[in-house]
Amino acid sequence: RRVHGDILDYEEADARAAARGTEAAGACELLCPLCQQTRVLEHKGVIFCPCGLRLQIKGGDLTLAQLQSLLCQLYDSHAAACGSKPEFSLSDMPIRLAPPVGVDPRVAGDLPRNRFLVMTCIDCAFFEIVA
């Protein structure tokens with residue numbers, strides 16, 4: 001099962017990080033926005049947590065430090081307008097692509113999907129795609 005493999009990957013990456021002493025070297029530590037219990041790790045272009053958070057970052061365009069900064073900015077922006085605590089979730093959204101020439105869009109099949117980390121607040125209708 002892939003979930004079991006993800007947990008083993010997480011534990012292996014966490015053990016390597018501890019062995020290297022990354023905390024002493026000033027490595028980014030980011031608490032998972034979904035479960036708010038476990039540190040998020042980055043390994044081979046994937047940001048992940050055993051709770052199910054898994055963001056595949058193509059080309060390493062987003063680092064843990066950048067994600068942490070972005071989350072702080074969004075949280076502060078929301079807090080300036082609303083006193084409620086925002087929630088985080090994963091959302092699968094279709095990628096809008098034009099169907100191949102000559103293919104009827106109604107029968108083109110399922111659209112490819114991307115997984116996004118989303119920050120929302122039901123009290124003020126805040127909605128932001130984080131990554």
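Modeller: Let's start with one term: a residue counts as buried when its relative accessible area is under 20%, as exposed when that value is over 50%, and as partly exposed in between. Keep in mind that what you see above is a predicted model.

Biologist: Okay, let me try that on a residue. Is His78 buried or exposed?

Modeller: His78 has a relative accessibility of 1%, so it counts as buried. You'll find His78 in helix α2. Beyond its neighbours within four places in sequence, His78 is in contact with Ser84, Pro86, Met119, Cys121, Cys124 and Phe126.

Biologist: And how much of the chain is buried?

Modeller: The chain has 131 residues, and 27% of them count as buried. As for surface, the chain exposes about 8,700 Å², with carbon and sulfur atoms supplying 53% of that.

Biologist: Before I trust any of this, how do I read the confidence? What does pLDDT average over the chain?

Modeller: The chain averages a pLDDT of 74, and 59% of the residues score at least 70. Take care with residues 18-26: pLDDT stays under 50 there, and the model has 4 contacts for that stretch beyond four places in sequence.

Biologist: Now the overall layout. How many helices and strands are there?

Modeller: You can count 2 helices and 7 strands. Going along the sequence, the pattern reads α-β-β-β-β-α-β-β-β. Sequence distance is worth a look too: among contacts with a separation of 6 or more, 49% are between residues 24 or more positions apart.

Biologist: Which strands sit together in the open sheet?

Modeller: That sheet has 4 strands in the order β1-β2-β3-β4, with antiparallel pairing. Its edge strands are β1 and β4 (54-56), each of which pairs on one side only. As a rule, side chains in a regular strand alternate between the two faces of the sheet.

Biologist: How do I follow the pairing of β1 with β2, and how many bridges join them?

Modeller: Strand β1 (residues 30-31) and strand β2 (residues 39-43) are joined by 2 bridges.

Biologist: What do β2 and β3 form together?

Modeller: They make a hairpin, with 2 residues between the strands. In the turn, Lys44 has a positive phi of about 50°.

Biologist: Next, the inside. How many residues does the largest nonpolar core have?

Modeller: The general idea first: in soluble globular proteins, nonpolar side chains tend to be buried together. Here, the largest nonpolar core has 19 residues, and Leu53, Leu67, Leu71, Leu117 and Val130 have the most contacts inside it. Both α2 (64-81) and β6 (113-121) supply at least two residues of this core. The most come from α2, with 4 residues.

Biologist: Which residues does Leu53 touch?

Modeller: Setting aside residues up to four places away in sequence, Leu53 touches Cys32, Pro33, Leu34, Val40, Ile47, Phe48, Leu90 and Leu117.

Biologist: And Leu64, where is its place?

Modeller: Leu64 is in helix α2. Its relative accessibility is 10%, so Leu64 counts as buried. Leu64 and Leu41 are 23 residues apart along the chain, yet their C-alpha atoms are separated by 7.6 Å.

Biologist: Last topic, cysteines. How many disulfides does the structure hold?

Modeller: The structure holds 0 disulfides.

Definitions and conventions. Residues numbered from 1 in each chain as written. Predicted model: local features only at pLDDT ≥ 70, side-chain atom pairs only at ≥ 80, totals over all residues. Heavy atoms only, no water. Disulfide = S-S within 2.5 Å. pLDDT = per-residue confidence, 0-100. Contact = heavy atoms within 4.5 Å. Core = buried A, V, L, I, M, F, W, Y, C linked by side-chain atoms within 4.5 Å. Buried < 20%, exposed > 50% of the residue type's maximum accessible area, 1.4 Å probe, protein only. Pairing = 2+ DSSP bridges. Areas by Shrake-Rupley, 256 points an atom, 1.4 Å probe, with all protein chains shown as cover.
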